[in-house]
Amino acid sequence: MKSLEEIKKIREEKRAELDLRVNTASNSREKHILVCHGTGCTSSKSPKIIENLRRIIEEKNVENVRVVQTGCFGLCAKGPIVIIRPEDVFYSLVKPEDAEEIIEKHIIGGEIVERLLCKDVDNSVVKKLDDLSFYKKQKRIALKNCGVIDPENIDEYIAFDGYKALEKVLFEMSPDDVIKTITDSGLRGRGGAGFPTGKKWEFTKIAEGDQKYVVCNADEGDPGAFMDRSILEGDPHCVVEAMMIAGYTIGANKGYIYVRAEYPIAVHRFQIAIDQAREYGILGENIWGSGFSFDLEIRLGAGAFVCGEETALLESIEGRRGQPRLKPPFPANAGLFQKPTLINNVETYANITKIILNGADWYASIGTEGSKGTKVFALGGNVVNTGLVEVPMGTTLREIVFDIGGGIPNGRKFKAAQTGGPSGGCITEENIDTPIDYESLKAIGSMMGSGGLIVMDDSKCMVNLAKFYLGFTVDESCGKCTPCRVGTKRLLEILERITEGKGEEGDIEKLEKLSRNIKNASVCGLGQTAPNPVESTIKFFRHEYEEHIKEGKCRAGECKALMNLWIDPEKCKGCGLCKRNCPANCITGEVKQPHVIDTSKCIKCGTCITKCPFHAISNK
Amino acid sequence: MDEKRCEGCNGVDVELEEMLHKYKQDKSNLIQILNEVQEYYGYVPEKAQKAISEYLGIPMAEIYGVITFYARFTLKPKGKYHVAVCLGTACFVKGSEQILERAKSRLGIDIGETTKDGKYSLEATRCIGACGLAPVFTVNDEVYGKATVKMLDEILDKIDSEV
C-alpha cells in the first residue's frame with residue numbers, strides 16, 4: 001500500500017533515474033540496454049539475448065549498465081532489436097551470440113558494433129532509432145511508453161507520468177469534466193467502427209443501474225492486426241489507468257478485460273500490472289482516500305473472431321457461446337449481466353491518459369477534421385518494413401507504405417492494401433493518396449477497422465484474396481443469422497469454383513446480389529461486413545474475375561488450377577536459386593544456362609516464382 | 001476447501017478437482033475453467049465436461065455447445081508434435097498456404113486431425129500476432145518465423161530422425 005505522497009516521490013526519483021531513456025543528452029554514467037520482449041522478437045529468441053547479456057555483465061563484473069526488457073519498438077522486420085541508451089544506438093537482427101560483442105565493444109569499449117547497425121531502405125547505415133525513415137513520420141501517443149519502459153515494473157510506468165491522470169481525475173475533475181474533455185478531444189473508438197468515445201461514456205454515465213461495468217475489448221481477432229497485443233505487452237498499466245478513469249466517470253467499481261488466450265505474453269503482463277496496482281493500493285477500496293473504489297479482472301477468450309463484437313464479447317464473459325445480441329438495448333443500458341456497461345478497445349483506452357494530461361485541445365490539434373489523434377497500424381504483407389506504426393490521422397497510404405514501410409520488396413509493384421481485415425476492403429493505386437481517416441476510407445469502399453494494414457504486390461490474386469477472407473468468415477460466423485451462416489458459405493463456394501477454373505457466366509452478378517442480401521439481413525457487424533472483401537475486389541478488380549471465368553487465366557499465378565509455370569529462357573540467368581528451393585525437385589538446368597520446369601512433377605507451389613531474382617518465372 | 005467439495009468431483013482426478021475449486025461456482029467461469037482444462041490435458045476430456053457440468057450446474061449439452069463454438073477447445077487429444085501453420089492475412093499474403101499444403105501432404109492428415117500413431121497433429125491458426133515475421137508456423141511452443149516449405153521439411157526431418 002502506498003499513499004499518494006509516496007507515489008509522487010517514486011515518480012520524481014524514478015523519473016530522474018530513467019531520464020537517460022528519453023534524453024539523448026543525458027550525462028548519466030549509467031547505460032541501459034533495452035531489448036524488445038514483444039511477441040515478434042520473443043519468437044526470434046530475444047529472451048535468450050537478455051539472458052546472455054545479463055550473464056556476461058555479471059561474469060565480467062561490468063558496472064553502471066542495466067538490461068531492460070521492453071515492449072515492442074515497432075520495427076518487427078528487423079527484430080530482435082536492441083537499443084542502447086542514452087546514446088540511442090539501434091542494433092537490429094541481433095542474435096543471442098552477439099551479446100558478448102555488445103558488452104565488450106560497446107559497453108566496455110565505448111565503440112559501436114557496426115555490423116549490427118540497421119540498414120535503411122536506401123542502404124545507408126543508421127545509428128540512431130530516430131534517424132530511420134521508418135520512424136520519421138510517426139507520432140507515438142498510444143504507443144508512447146512501448147519500447148521505453150519495462151512493462152513489468154510499475155515504478156517505471158509511474159516515472160513517466162503513470163497514474164498522474166488518475167490523480168488529476170479523482171481530485172480535480174468531476175465525471176462531467178472528464179466526459180467533456182474526452183468529447184472535445186474528438187477521440188473515436190479505435191476498434192473499427194469509430195463511434196465517438198465521449199458519447200459512449202456519457203450514455204453509460206446517465207444510464208441508471210445499481211451496478212455498472214467497464215470492459216476492455218482486447219479480443220484482437222482481425223488476422224494481421226497486433227496493435228492491441230503490443231500495447232498490453234509494452235504498456236499494460238496505461239490500460240489499467242484508463243479503465244479506472246472510465247470507472248470513475250461512469251460510476252463503475254468493477255472492470256473486465258477480455259483478452260485472447262492466443263496472446264500469452266499480453267495476458268501475463270496484464271496480470272502482473274493488476275497485481276502491482278493492487279499491491280500499491282491503486283486498485284482497491286477507497287483509492288488514495290478519494291472514496292472511489294475499483295477492481296479489475298482478466299477474462300480469457302478462446303478463439304472466436306465474433307467475440308470482438310461487443311455484445312458477443314459480453315456473452316462470452318458471461319460464460320456462454322459468443323453470439324451477438326440484438327441491439328437495442330445497447331450495452332450502455334443493458335450490457336454485462338444486463339447492467340450498464342462501457343466497452344472500449346485497448347487502443348482507445350491507451351489514448352485516454354494522454355488526453356487527460358495534455359488536454360482536449362492538444363489532442364484535437366492532431367489529425368483531420370472528423371478524425372482526431374493518431375492511429376496505430378500493423379503493417380504487414382509485401383512491404384519491406386513490417387511492424388507497428390503510429391501516425392497522425394490524415395497520413396496517406398502512400399506515406400505509410402512507401403515512406404515508413406520502405407515500399408514493396410523484391411522489385412515488385414504495389415497492387416493493393418487491405419484495411420479493416422475481413423470486414424474491410426482494398427485500396428488500390430488510384431486511391432493511394434487518400435488521407436487515412438474514418439470517413440475517407442469509407443468513401444473509397446474500405447474501413448478503418450482495428451488497424452491491420454496488409455500490403456499486396458502484383459503476385460497476389462485478388463479473387464484468391466476474397467476467397468481467403470470468405471474462408472475466414474465462414475469459419476468464424478457464429479451461426480445465429482442464416483444469411484451470414486449460409487450466405488457466406490455460398491459466396492465461398494462460388495469463389496472456389498472461380499479459382500478452380502470452373503467459373504460460369506453470371507457468377508460475378510450472383511456474388512454481388514448475395515453480398516447485398518447478407519449485408520442487409522445480418523444482425524451484427526460481422527455479417528454486415530463479411531461480403532466487403534468480395535464487393536471491394538469486384539469493384540476494383542472486376543477484370544481479374546472476368547479473366548478467371550472467361551479466359552481461365554489467373555494473371556498473378558496464384559490459382560493453382562489455372563497455373564502453368566514456365567521459365568522465360570530470355571530472362572533466366574541460370575543462377576539455380578529456383579532449383580535449390582524447389583520442394584518437388586522438378587527444375588533442371590546447368591549453371592548459367594536457362595532452367596526448365598518439368599510440369600508433370602510440378603506441385604505448383606510457386607516457391608520458384610518468389611525465389612527468382614530476375615522475375616523469369618511466370619504463369620503461362 | 002474440503003467442505004466445498006461437490007459430489008460431481010468424486011472419482012475424478014485430483015488435478016481436475018483442484019482446477020475446479022480455484023473458481024467460484026459461478027456459471028460465468030465456464031470458459032475460464034475450460035481454458036485451464038484444455039491447457040492441462042491438451043483437450044477437454046468427457047470426464048472433465050461431466051465434472052464441470054456438476055460443479056457449475058450447467059447441462060452437458062450446453063458445455064458441449066460452448067466447447068465446439070470456440071476454436072481453442074478440442075474434444076480430441078493433440079499429437080505429441082502439434083504443428084500449427086498461421087493463416088492470418090499477413091502470413092497468407094506471404095505464402096503460408098503453401099506451407100500448410102506441404103504439412104498436409106507430408107503428414108498425411110487434414111487440418112484438425114492427428115496421425116494414427118499420435119505423433120503429429122495439424123492445425124491452421126488465425127494470427128498469433130507475429131505478423132512482422134510472416135509467414136510463421138509453430139511446432140508445440142516453438143515459433144518459426146520467415147518460414148519456407150523447405151524450413152518445414154527440415155524441421156519435420158529433424159523430428160523424424162530423432163525417434
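Visitor: Which elements do the buried residues of H2(B) pack against?

Guide: This is a predicted model, in which local features need pLDDT of at least 70, side-chain atom pairs count only at pLDDT 80 or more, and totals for chains, interfaces and linings use all residues. Residues are numbered from 1 along each chain as its sequence is written, chains are lettered from A and ligands numbered from 1 in the order written, and side-chain values use heavy atoms, without hydrogens and water. Taking contact as heavy atoms within 4.5 Å, the partners in chain B are helices H1 (14–21), H3 (46–56) and H4 (60–69). Those in chain A are strand S9 (295–300) and helix H14 (310–317).

Visitor: How many residues of H2(B) are buried?

Guide: Buried means under 20% relative accessible area (1.4 Å probe, protein chains only). Among those that qualify are Leu30(B), Gln32(B), Asn35(B) and Tyr41(B). H2(B) is mostly covered, the count being 9 of its 12 residues.

Visitor: Which residue just after H2(B) takes a positive phi?

Guide: Helix H2 of chain B comprises residues 30–41. Just after this helix, a phi of about 85° is taken by Gly42(B).

Visitor: Are H8(A) and H15(A) parallel or oblique to each other?

Guide: The axes of H8 (residues 164–172) and H15 (residues 346–358) of chain A come within 9 Å and cross at roughly 60°. Angles under 35 degrees count as roughly parallel, over 145 as roughly antiparallel, 65 to 115 as roughly perpendicular and the rest as oblique. H8(A) and H15(A) are therefore oblique.

Terms used: Axes fitted to C-alpha atoms, helices over the stretch in contact; angles between N-to-C directions. Helix = DSSP H or I, 4+ residues; strand = E, 2+ residues; numbered from the N terminus. Expected span 1.5 Å × (residues − 1). Buried < 20%, exposed > 50% of the residue type's maximum accessible area, 1.4 Å probe, protein only.
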